[in-house]
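Here's a short tour of a protein model. Take a look at the sequence and the structure first, then read on.

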Amino acid sequence: MKDFFSTVKFKLLAGLVVVLAGMMAYAGANGRLTAAPQELLGAVMLPFQRISAAMSGGVSQLVDKYTRIDAIMEENEALRQENAALRNQLVDYDRVRQENESFQSRYNIERDHPEYTYASGFVIGRDPLEQFFGFTIDKGTRDEVERGDIVVSDQGYLVGRVIEANLTSAKVLTILSPSLNAAGVVSRTRDNGILTGDSAYAPEGLCLFTNLSRDTLATVGDQIITTGLGGVFPPDILVGTIRELVPESSGKSTMAVVQPGVEIESLTHVFVITSYDGELLAGQESTPDAGSLPAPDASNGQE
């Protein structure tokens with residue numbers, strides 16, 4: 001027992017009793033003895049109350065945070081759906097705008113060439129490995145587009161020729177390809193030649209006008225147009241302008257490097273001439289020189 005009174009626990013207990021006795025004496029001297037137990041209890045409970053309040057506030061903030069997160073996620077989903085709808089509307093708008101522009105272009109070229117019948121087509125595909133920038137359009141046989149039809153730009157410049165047509169689409173061979181040959185003439189001097197493509201010039205979007213006479217009077221800037229010779233290409237279709245005159249390797253003639261009137265590699269819309277006055281009936285086309293087409297691929301059965 002004697003050992004207990006010398007322990008730290010006893011000393012702490014004795015100190016607490018002294019403190020409590022002092023607080024009671026102070027309360028009695030100030031007339032607050034009856035309130036002393038409550039104040040003492042309040043002093044003891046104050047730290048616990050603060051901890052409880054802090055925990056309660058933290059839980060409340062956490063609940064509010066997750067509630068706000070749900071609201072933000074719902075708002076983001078609504079915005080995502082709205083953006084998707086706006087994108088669809090923008091696509092529709094672009095399509096309508098392009099169609100309106102094509103209608104205006106069609107009006108212009110039909111005014112200049114009322115003898116032609118046209119089908120309006122958008123470029124829907126390109127072969128990245130095709131070095132002559134051939135492409136596919138969204139018009140086919142149901143739109144009266146057939147193999148051999150001539151393709152021009154919105155401004156009426158020669159683009160190429162349809163080499164394959166199915167029900168809903170058609171493939172176009174461009175004037176940048178060596179496989180395409182068209183009889184042409186220099187509009188100012190009336191020098192005749194053959195329009196064709198060349199692998200050395202195609203990457204620059206250029207083609208050639210060959211078989212000009214060695215002493216031709218054609219100069220840089222002269223216009224090249226089709227002649228209609230052979231009944232394959234309609235006459236008087238604009239091709240482009242002479243960019244450079246180069247002697248051919250034989251030395252007996254000259255060839256002109258031609259800048260087409262339209263950038264073949266960036267076309268998005270074209271017109272197909274499905275018929276024109278003076279067109280030869282199928283099977284009656286004369287020589288295959290100026291307008292010959294590459295043989296169709298027998299593996300797909302296309303005409």
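## The whole protein

Of this protein's 303 residues, 33% count as buried; buried means under 20% relative accessible area, exposed means over 50%, and partly exposed is in between, using a 1.4 Å probe and protein chains only. The protein exposes about 18500 Å², and carbon and sulfur atoms supply 57% of that. Those areas come from the Shrake-Rupley method with a 1.4 Å probe, and for residues only the protein chains shown count as cover.

Before going further, keep in mind that this is a predicted model: local features need pLDDT of at least 70, side-chain atom pairs count only at pLDDT 80 or more, and totals for chains, interfaces and linings use all residues. Residues are numbered from 1 along each chain as its sequence is written, and side-chain values use heavy atoms, with hydrogens and water left out.

## Helices, strands and a barrel

The protein has three helices and twelve strands. Both are DSSP runs numbered from the N terminus: helices are H or I with at least four residues, strands are E with at least two. Strands of a sheet pair through backbone hydrogen bonds, either parallel or antiparallel.

Here, six strands form a closed barrel in the order β1-β2-β5-β4-β3-β12, with antiparallel pairing. Neighbouring strands of this sheet are turned by 45° against each other on average, direction ignored; the axes behind that angle are lines fitted to C-alpha atoms (for helices, over the stretch in contact), and angles run from 0 to 180 degrees between N-to-C directions. Two strands pair if DSSP finds at least two bridges between them, and β3 (residues 150-152) has three bridges to β12 (residues 269-276). In that pair, Ile150 sits opposite Ile273 of β12.

## The nonpolar cores

A nonpolar core is a set of buried Ala, Val, Leu, Ile, Met, Phe, Trp, Tyr and Cys residues joined through side-chain atoms within 4.5 Å. The largest one has 46 residues, and Phe135, Leu158, Ile175, Leu195, Phe209 and Ile273 touch the most other members. Strand β12 gives the most to this core, with five residues. There's also a second, separate core of six residues, with Leu206 and Val257 among them.

Ile273 turns up again when you look at contacts (heavy atoms within 4.5 Å). Leaving aside neighbours within four places in sequence, its partners include Tyr116, Ile150, Val152 and Ile237. Across the protein, residues 24 or more positions apart account for 60% of the contacts with a separation of 6 or more.

## Salt bridges

A salt bridge is a side-chain nitrogen of Lys or Arg within 4 Å of a carboxyl oxygen of Asp or Glu, and the count comes to four. One of them joins Arg80 and Glu77 at 2.7 Å, N to O. These two are three residues apart in helix α3 (residues 36-112), so about one helical turn separates them. Arg80 is partly exposed at 46% relative accessibility, and Glu77 is partly exposed at 34%.

Another salt bridge links Glu164 and Lys171 at 4.0 Å, N to O. Glu164 is buried, at 16%, while Lys171 is partly exposed, at 40%. Lys139 and Asp138 also meet in a salt bridge, at 3.7 Å, N to O, and Asp138 is buried at 18%.

## A closer look at Ser169

Is Ser169 buried or exposed? With 15% relative accessibility, Ser169 counts as buried. You'll find Ser169 in the loop between β4 (158-165) and β5 (170-174). Not counting residues up to four places away in sequence, Ser169 touches several residues, including Asp138, Lys139 and Glu164.
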